[in-house]
Amino acid sequence: MTAHLPILQILIPLMAAPLCVVFRHRDIAWIIVLLVSLISFAISIMILDQVLTQGVISYFMGDWPAPWGIEFRIDAVNAYILLIVSAIGAIVAFYGRHSVTREVPRDLIYLFYTAFLLCLTGLLGMTATGDAFNLFVFLEISSLSTYAMISLGKDRRALTASYQYLIMGTLGATFYVIGLGLLYMMTGTLNIVDLHAKLLDMDGSIRTLQAALAFLTVGLSLKLALFPLHLWLPNAYTYAPSSVTAFLAATATKVAVYVMLRVFFTIFGVDILEETGLAPILMTLAISGMFVASTVAIFQNNMKRLLAYSSVAQIGYIMLGISFLNVTGVSAGIVHLLNHAVMKCAAFLAMGCFMYRVGSVRIEDLHGIGKKMPWTMAAFVVAGLSLIGVPLTVGFISKWYLIQAAMEAEMMPIALLILLSSLLAVVYVWRFIEVAYFKEPANPSLKIKEAPLSMLIPLWIMAGASIYFGVDTDMTLGVAQLAAEMLVGGAP
Amino acid sequence: MSMELSIILAMAIPAVGAVLIALSGRMANLRETITLMTAIALFLNVLNLLGPVLDGERPEVHLLDMFPGLAIAFKVEPLGMMFSLIASGLWILNSIYSIGYMRGNKEKHQTRFYICFAIAISATLGLAYSANLLTLFIFYEVLTFSTYPLVSHKGNEAAVKGARTYLGILVTTSVAFLFFAIAWTYSATGTLDFVDGGILGGKVEGPLMGLLLMLFIYGIGKAAVMPVHRWLPAAMVAPTPVSALLHAVAVVKSGVFTVVKVIVYTFGIDNLVTSGSADWLVYVSGFTIIAASMVALRQDNLKRRLAYSTISQLSYVVLAAAILTPISAVGAALHIAAHAFGKITLFFAAGSIYTAAHKTEVSQLNGIGWKMPITMTAFAIGALSMIGLPPTAGFVSKWYIIQGAMSSENFVALGVVILSTLLNAGYFLPIIYAAFFRQAEPKGTHDHGGHHDNHGEAPLPIVIAITSTATLTILMFFFPDVALELAQQMIGGIQ
């Protein structure tokens, strides 16, 4: 049984998805989702334990040995990503009961949950697999189901948002396959570890290799919304149902970053990356994203859109860390990946609470909301302080590490740029906090109650986590350090 | 009780107090009792540390490692001991005062007020006992954010705008400069601990040392060295107890306290003397002293005049530290205490006048001394201390600063101190004169006239508080022993 955990992790949500369609009932579907996501979470804990005690798990699908068959390969890096994805999945599933009922047309709710399970399957699969082509398959599973989930938002613009994402996402996936095809042409293998071994003695000046890296980078940058390839993200996050936004913001882009790390460091390795001169390009894009997206966020009137732009900026921080190509930088990127998942999830869950009670997340509709929904608003303040990077929140940890990485790379001006861009976060966060607490509501007769407990509890779990991991950093920093050493150190 | 426990309790008592205040929010009397008991418990707890510290002990607590090799840790050294004593002691008096003020003015959201106040005090004590720059920075930021709701307390447009300036300047400077300076220090030295003699000596090259110091000085926005002083007048929109304890004592003193700590324990006095990196600081702080006094002269709003006086007095501490002699460093430490007693008295008086007479402008104070004799006598004592006349606390600290300037033949500093003393007299003495020797204007000649003119002294809690702080201002002149001993121990440590 325990030997089959890696496949069960993927198989259970995959098999449960059609069940939702069979029952066609929203409550049963919700119960299935909740159970499955909890089981998934439990499995990911067991896998992590197994990895930490026994080392890397290598699981051959159908007993076909790698590199011919598909291998699931789980080491400390992706064991943690699995844990995060399934944990967020469980929290959002619990939270979704009320939120989804409000934001998705009633008769389509069971389909929504089906898509949710497929998306979870895809994300977990992308994380667990050790086969680059299999990864593409899971990427498509998660992408397609995401398009469906976004389109289920009640606002009609959700459809165009979904369509926009579909086009961009497909472009990204295509680029990924083209890049992979080029690699396959050169090496004749699709297994990640095998690819690494075959590429080891190749020279970074080979044209095909450069083209492959370029295609893979652009394709994945589209998925993880690296500026300026982020255009699909603001609309998708704004018009998707809130639980979807929270789930995607915390998992989808993060898994894409994980895949990029794998491609960069496990497949190509630091040497080739340095020879191709990719890092300065990424660094420039990351920093531009930090400033441009944060500035755009300041001028948004829809909170979900504001936070979406903030996400683009925060992805800039993650990529900036990675572009240093040293252990401190990559661990800064990874630690921000974990931290940003936590805080952005909390922020979007708070938006879901507003959506549930007020029916809108436009700033002018949320005047004075701090008095009516004090607990929700307080949780948002915690998330907001994290986004700014105030000490005792996770954001501070990320910022400190990023700056240390910049100092270590002897790039002082970049350290200063990181700090300056984080000041923009103060502006966009405080703009909302001020009106939420000090403006009188536009329609004071409207009776607005605090969000139900079933939403507040998941919200506060995430808000609490963004404080907890801002103080006790043993786990997050430990993981990031370990992962960065494995990746940059070149050990597959 | 072990000293390690006392250190933790110094932060825990006000934090727990904040929770209890929140729980008792509906019952005003119970809530205020809790505030007072918390303040008293905290002071006794801090007092418990004083004896051992005077005997030369430096108790430490290592809480947890935030980053590998970088801990949240505390260590009580003499300057922090003094600062914590002042902050916790004056919190008791300020709490008594708050009861009179908040009820007298029927302020709203009093529970939130007391909660945030307790958190701010907790952060102040954490800052005072920080064993390294990381810990200090954490509490510095917590202090900024926890005082935001206090500044914006009234919730009207002016308050929100003032609070925005307050937060904007403090956060911008601390993130862009202070954080950067700390990260730079860490990457240059590999440590952030406060060490006798400093850690930066020989680690940073020539002019960069001056640049780093500049990042620190302007990063510590709470020290209000011009031109990053604008947040302090903006913060005057807060209720007066906030202006009194936080923006005359806890917050601003956190700023100059940090400056002194950084100069003494991070750069090291000897290092700065040999490298000459701090010479510019004398001019910058000297300019702030004079310029802020000039602005104060022209303010008609009493609280704003006091705020500019605070900016000027804060730079005394920075100037004293920048003179870089042991004796002026003692002056810097003493001035932290002396200014605290004097300025809280002045703010208490301003709030007392506002509560009893609803007057906020200096030009309205003619003849008020006979209606509010206790308040205005206390005001006079506070003002004398600001000018630096005996028998008040201000004389003691100014004496040491002048000694330091003389011994290092720093005539710029000397000139600044003398000139500013005249300016201080120029903007405080007319108030005292008007209050006691001018006739009140006849009724109905100005907007605030009418029924407010028939007032007496402020409510009893206010009178108790103001009398106590005025007495402390005088007592420090006659019994400066404890403060002096602590200040000299701080210097003893670096020689």
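Trainee: What makes Leu392(A) count as buried?

Mentor: Leu392(A) has 22 C-beta neighbours inside 10 Å, and the cut-off for a buried residue is 20 or more, so Leu392(A) counts as buried. Keep in mind that this is a predicted model.

Trainee: Where is Leu392(A) found?

Mentor: Leu392(A) sits in the loop between α15 (374-388) and α16 of chain A. Its phi is positive, about 75 degrees, although Leu392(A) is not a glycine.

Trainee: Why is His358(B) called partly exposed?

Mentor: Let's count again. His358(B) has 13 C-beta neighbours inside 10 Å. Exposed residues have 12 or fewer and buried ones 20 or more, so with 13 His358(B) counts as partly exposed.

Trainee: Let's turn to the helices. How do you know that the length of helix α2 of chain A agrees with its number of residues?

Mentor: Helix α2(A) covers residues 26-54, which is 29 residues. At 1.5 Å a residue it should span 42 Å, and its end C-alpha atoms are 41 Å apart, so the two values agree. After the helix comes Gly55(A), with a positive phi near 90 degrees.

Trainee: Which residues of α2(A) are buried?

Mentor: Among them are Ala29(A), Trp30(A), Ile32(A), Val33(A), Val36(A), Ser37(A) and Ser40(A). Further along the helix, Ile43(A), Ser44(A) and Ile47(A) are buried too. In an α-helix there are 3.6 residues a turn, so residues three or four places apart point the same way.

Trainee: What do the buried residues of α2(A) pack against?

Mentor: Their partners in chain A are the helices α1 (5-23), α3 (76-103) and α4 (109-128), along with the strands β1 (57-60) and β2 (71-74).

Trainee: Over in chain B, why are helices α3 and α4 called roughly antiparallel?

Mentor: The axes of α3(B), residues 78-104, and α4(B), residues 110-129, cross at roughly 170 degrees and come within 9 Å. An angle over 145 degrees counts as roughly antiparallel, so α3(B) is roughly antiparallel to α4(B).

Trainee: Which residues make that contact?

Mentor: From α3(B) they include Phe83(B), Ala87(B), Trp91(B) and Met102(B). From α4(B) they include Phe113(B), Ile121(B), Leu125(B) and Tyr129(B). By class, the contact of α3(B) with α4(B) has nine nonpolar residues, five polar and no charged.

Trainee: How do you know that chain A is as compact as a globular protein of its length?

Mentor: Chain A is built with 19 helices and two strands. The globule rule gives 23 Å for its 492 residues, and the radius of gyration of chain A is 21 Å, close to that, so chain A is as compact as a globular protein of that length. Its C-alpha atoms fill a box of roughly 70 × 55 × 40 Å along the principal axes, and 61% of the residues in chain A are buried.

Trainee: What makes chain B as compact as a globular protein of its length?

Mentor: Chain B has 19 helices and two strands. Its radius of gyration is 21 Å, close to the 23 Å that the globule rule gives for 495 residues, so chain B is as compact as a globular protein of that length. Of those 495 residues, 61% are buried.

Trainee: How many residues does each chain give to the contact between them?

Mentor: Chain A gives 21 residues and chain B gives 20 residues. On the side of chain A, α16 (394-408) and α17 (412-438) are the elements that give two or more residues. The largest share, ten residues, comes from α17(A). By class, that side of chain A has 15 nonpolar, three polar and three charged residues.

Trainee: Where in chain A is there a cis peptide bond?

Mentor: One joins Phe227(A) and Pro228(A), with omega about 0 degrees. Pro228(A) lies in the loop between α8 (207-224) and α9 (232-239) of chain A. In chain B, a cis peptide bond joins Met226(B) and Pro227(B), and omega there is about 10 degrees.

Conventions
Residues are numbered from 1 along each chain as its sequence is written. Chains are lettered from A and ligands numbered from 1 in the order in which they are written. This is a predicted model: local features need pLDDT of at least 70, side-chain atom pairs count only at pLDDT 80 or more; totals for chains, interfaces and linings use all residues. Helices (H or I, at least four residues) and strands (E, at least two) are DSSP runs, numbered from the N terminus. The expected span of a helix is 1.5 Å times one less than its number of residues. Two residues are in contact if their C-beta atoms, placed from the backbone, lie within 7 Å. Ala, Val, Leu, Ile, Met, Phe, Trp, Tyr, Cys and Pro count as nonpolar, Asp, Glu, Lys and Arg as charged, and the others, Gly among them, as polar. Axes are lines fitted to C-alpha atoms, for helices over the stretch in contact, and angles run from 0 to 180 degrees between N-to-C directions. Angles under 35 degrees count as roughly parallel, over 145 as roughly antiparallel, 65 to 115 as roughly perpendicular and the rest as oblique. The radius of gyration is taken over C-alpha atoms; the globule rule is 2.2 Å times the number of residues to the power 0.38.
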